[in-house]
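Reader: I would like to go through this structure term by term. Please set each value against its definition.

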Amino acid sequence: MKVIKFGGSSLASAEQLTKVRNIVKSDATRKFVVVSAPGKREANDTKVTDALIAYYKAYKKGEDVTTTQKWIISRYQNMCDELGISGAVIVNIADEINSLAKLPIKDNKFLYDTFLAAGENNNAKLIAEYFSENGINARYIHPQDAGIIVSAEPGNARLLPSSYEKINYLNDLDETLIIPGFFGVTENGEICTFSRGGSDITGSIIAAGVRAELYENFTDVDGIFAAHPGIIKSPASITELTYREMRELAYSGFSVLHDEALLPAYRANVPLVIKNTNNPEHPGTKIVAKRTVTGSPVVGIAADGGFTALNISKYLMNREIGFGRKVLQILENLGIRFEHMPTGIDDMSIIMRDRFLNRQLEKSILDNMTESLQPDELYFEKNLSIMMIVGEDMKEHIGVTARAAHALAQAGVNIEMLSQGSSEVSIMFIVKSDQESAAITALYEEFFAK
Ligand SMILES: Nc1ncnc2c1ncn2[C@@H]1O[C@H](COP(=O)(O)OP(=O)(O)O)[C@@H](O)[C@H]1O
Ligand SMILES: N[C@@H](CC(=O)OP(=O)(O)O)C(=O)O
């Protein structure tokens, strides 16, 4: 049996839902259907999840929410009308959307997550009804009933490992199951979402739990391209990637798949394929344990902005036992995670994501480190992007870093920092964000166009 996940772009309109129904209907083994909230119908449209964020903010501030409520309900209403879905389900959806504005605000740690999850939850109800009225024996199932029990970390839930056993019972149900993506339920019954884009994670969890033969992730492109299609025009498409390669690429900007969506499928040995709802005959990109297709040392080039470096220098840092530990202890005490830590003899940089920092935290970092480390230099460097060139075969090739550095130099891109993990599956360059596009273009030319 297969798990099939449709992203918001595949579920944005009646036209898209018709394609989705045909895809599910064409293969009786597509039994577990994970759905996102309705996405954008065109570039300037609003995703239902983003509209729910606006709704939440207005409600919390005590502002009038009727316009947002109406807009969100109309997204579902329009699809129901165009698909000729009978009346009861839209009444239920409108009820759920409206009653969000009755939830307690005070001491409600899960209020934001509850608002956001409504996008997926109501879409799953709508799709189950649409399928049932159109030749598929379908049933909506709430994540709680599907056994998706998660940690109580709002906006960043993690599955509790004991959940897999419960999820496996879904195999005993006869219907095609329509499961809302993006959220689970805590042990106390609160709604808690994964991070943004997290419906991919739900798909992977279900695939692992039911021991699926395949996890199909349907989106709006013919699989994964070697570089972001917004920057490189008609980039090469990738036939096969390993889980490790995909993890590196997803982490560093290939937004087509959530980077946390790989591990559950990988551990359960479930292969994954990225396919296009608008072109389902295309084979897409397969993500597997071992790749058969080889050739270029680099399979993909990814970049992501929104990084800050904390640069620390101190003469004879290398001789000071416990220096690194003290740096990391200060970050841990302040509850800040770090992403990378390139080092020199007398200097080190801690790379962090901007979204986990703010002025107050930055001041606390500087104060604490000045006091405990007495560095010669200590400052933040903003507006950085990380660039990754990725490929399992890089370790078999000599001179990949030299080629990349040369290409960047030719394009006038200054490498701020450089780092390579021991697995040699990726090489990371840190550049100024305003040079990100130029850097991708230069690296793509070097490894794919030549
Ligand atoms: N390397 C890449 N290959 C393919 N698509 C990419 C890549 N990098 C970014 N994308 C973007 O990811 C988008 C699909 O992902 P996503 O927004 O999660 O869609 P969905 O709504 O289906 O979940 C594509 O439309 C594409 O613009
Ligand atoms: N709807 C959620 C979760 C998600 O996975 O959406 P999508 O599949 O459209 O990326 C979000 O926008 O974050």
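**Ligand shells, domains and burial**

Author: The shell around ligand 1 holds six nonpolar, eleven polar and one charged residues. This is a predicted model, in which local features need pLDDT of at least 70 and side-chain atom pairs count only at pLDDT 80 or more, while totals for chains, interfaces and linings use all residues. Residues are numbered from 1 along each chain as its sequence is written, and chains are lettered from A and ligands numbered from 1 in the order in which they are written.

Reader: What makes a residue nonpolar, charged or polar here?

Author: Ala, Val, Leu, Ile, Met, Phe, Trp, Tyr, Cys and Pro count as nonpolar, Asp, Glu, Lys and Arg as charged, and the others, Gly among them, as polar. By these classes, the shell around ligand 2 has two nonpolar, ten polar and three charged residues.

Reader: Which residues come nearest to ligand 1, and which to ligand 2?

Author: A residue is near a molecule if its C-beta atom, placed from the backbone, lies within 6 Å of it. Of the 18 residues around ligand 1, the nearest are Gly7, Ser9, Thr219, Phe225 and Val256. Ligand 2 has 15 residues around it, with Gly7, Gly8, Ser36, Thr49 and Ser199 coming nearest.

Reader: Why is Tyr59 called buried?

Author: Buried requires 20 or more other C-beta atoms within 10 Å of the residue's own, exposed 12 or fewer, and partly exposed lies in between, with C-beta atoms placed from the backbone. Tyr59 has 20 C-beta neighbours inside 10 Å, and therefore counts as buried. Tyr59 lies in helix H2 (residues 48-61); helices (H or I, at least four residues) and strands (E, at least two) are DSSP runs, numbered from the N terminus.

Reader: Leaving aside neighbours within four places in sequence, what is Tyr59 in contact with?

Author: Val65 and Ala101. Contact means that the C-beta atoms of two residues, placed from the backbone, lie within 7 Å.

Reader: What are the domains of the protein chain, and how many residues of each are in contact with the other?

Author: Domain 1 covers 2-288 and domain 2 covers 300-449, with bounds from an automatic or database domain assignment. In domain 1, 15 residues are in contact with 17 residues of domain 2. Helix H9 gives the largest share of the domain 1 side, four residues.

Reader: Which residues of H9 are buried, and what covers them?

Author: In H9 (residues 243-251), Glu245, Met246, Arg247, Glu248, Leu249 and Ala250 are buried. Their cover includes strand E8 (240-242), helix H10 (262-267) and strand E11 (300-313).
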